[in-house]
Amino acid sequence: MSNDILDALARVIEERKQAAPESSYVASLHHKGLNKILEKVGEECTETLIAAKDAEHSGEYDDLVYETADLWFHSLVMLSHFNLQPDAVLNELARRFNVSGHAEKAARSSSTNNPSE
């Protein structure tokens with residue numbers, strides 16, 4: 001079910017990407033360009049962090065789920081700017097299964113510290 005929702009949402013984002021900016025929120029973001037899309041991702045990230053801190057103290061998680069949905073949505077819009085589909089991220093997550101987080105981070109660090117590789 002989760003992949004179906006992501007796939008359906010990605011299709012809608014792609015369809016609306018080329019629409020008239022005044023007719024679609026997604027189209028308006030794309031029309032304004034990458035900086036506006038990134039601004040929205042950053043804004044939603046901040047709101048998600050605040051919701052998580054609030055949830056820690058209140059024990060209420062509705063706002064955290066709501067803000068995370070906004071963050072995921074805007075992240076999908078960002079990916080669509082680069083013509084990337086959610087499968088690219090899901091495949092990367094699948095690749096990381098059974099790989100220690102410490103080992104994965106070390107592998108990234110060593111490849112960025114040695115640009116000749």
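Predicted model: local features only at pLDDT ≥ 70, side-chain atom pairs only at ≥ 80, totals over all residues.

Trainee: How many helices and strands does the chain have?

Mentor: The chain comes to six helices and zero strands. Read from the N terminus, its elements run α-α-α-α-α-α.

Trainee: And what share of the residues is buried?

Mentor: Of the 117 residues in the chain, 24% are buried. As for contacts between residues at least 6 apart in sequence, 55% of them join residues at least 24 apart.

Trainee: Let us take a pair of helices. How do the axes of H2 and H3 cross?

Mentor: Helix H2 covers residues 25–32 and helix H3 covers residues 34–58. Their axes come within 5 Å and cross at roughly 120°. The two helices are therefore oblique to each other.

Trainee: Which residues meet there?

Mentor: From H2, the residues are Tyr25, Leu29, His30 and Lys32. From H3, they are Lys36, Ile37 and Lys40. This contact of H2 with H3 divides into three nonpolar residues, one polar and three charged.

Trainee: Lys40 has a charged side chain. Is Lys40 buried or exposed?

Mentor: Lys40 has a relative accessible area of 12%, so it counts as buried. The cut-off for buried is under 20%. Lys40 sits in helix H3, and beyond its neighbours within four places in sequence it is in contact with Tyr25, Leu29 and His74.

Trainee: Which other residues of H3 are buried?

Mentor: Besides Lys40, the buried residues of H3 are Ile37, Val41, Glu44, Thr48, Ala51 and Ala55. What covers the buried residues of H3 includes H2 and H4.

Trainee: What about Asp54, then? Where is it?

Mentor: Asp54 is also placed in helix H3. With a relative accessible area of 47%, Asp54 is partly exposed. Its C-alpha atom is separated by 8.4 Å from that of Leu64, which is 10 residues away along the chain.

Trainee: How does the span of H3 agree with what its residues should give?

Mentor: H3 has 25 residues, and at 1.5 Å a residue they should span 36 Å. The end C-alpha atoms are 35 Å apart, which agrees. Just after H3, Gly59 takes a positive phi of about 75°.

Trainee: Now H4, please. What span should H4 have?

Mentor: Helix H4 holds the 20 residues 62–81, which should span 28 Å at 1.5 Å a residue. The distance between its end C-alpha atoms is 29 Å, and this agrees.

Trainee: Which residues of H4 are buried?

Mentor: They are Glu67, Leu71, Phe73, His74, Leu76, Val77, Leu79 and Ser80. Val77 is worth a separate look. It has a relative accessible area of 0% and is therefore buried.

Trainee: What does Val77 touch?

Mentor: Not counting residues up to four places away in sequence, Val77 touches Ile13, Val26, Leu29, His30 and Ile37. The C-alpha atoms of Val77 and Glu14 are separated by 8.7 Å, although the two residues are 63 apart along the chain.

Trainee: What follows H4?

Mentor: H4 is followed by Asn83, which lies in the loop between H4 and helix H5 (86–96). Asn83 has a positive phi of about 60° although it is not a glycine.

Trainee: Why does that deserve a remark?

Mentor: Most residues other than glycine have a negative phi. Asn83 is also exposed, with a relative accessible area of 55%.

Trainee: What does the side chain of Ser24 reach?

Mentor: The Ser24 side chain reaches the backbone nitrogen of Val26 at 3.3 Å and that of Ala27 at 3.2 Å. Leaving aside neighbours within four places in sequence, Ser24 is in contact with Arg16 and Ala19.

Technical notes: Residues numbered from 1 in each chain as written. Heavy atoms only, no water. Axes fitted to C-alpha atoms, helices over the stretch in contact; angles between N-to-C directions. Helix = DSSP H or I, 4+ residues; strand = E, 2+ residues; numbered from the N terminus. Parallel < 35°, antiparallel > 145°, perpendicular 65-115°, else oblique. Contact = heavy atoms within 4.5 Å. Polar contact = N/O pair within 3.5 Å; in protein donor to acceptor, adjacent residues only side chain to side chain. Expected span 1.5 Å × (residues − 1). Buried < 20%, exposed > 50% of the residue type's maximum accessible area, 1.4 Å probe, protein only.
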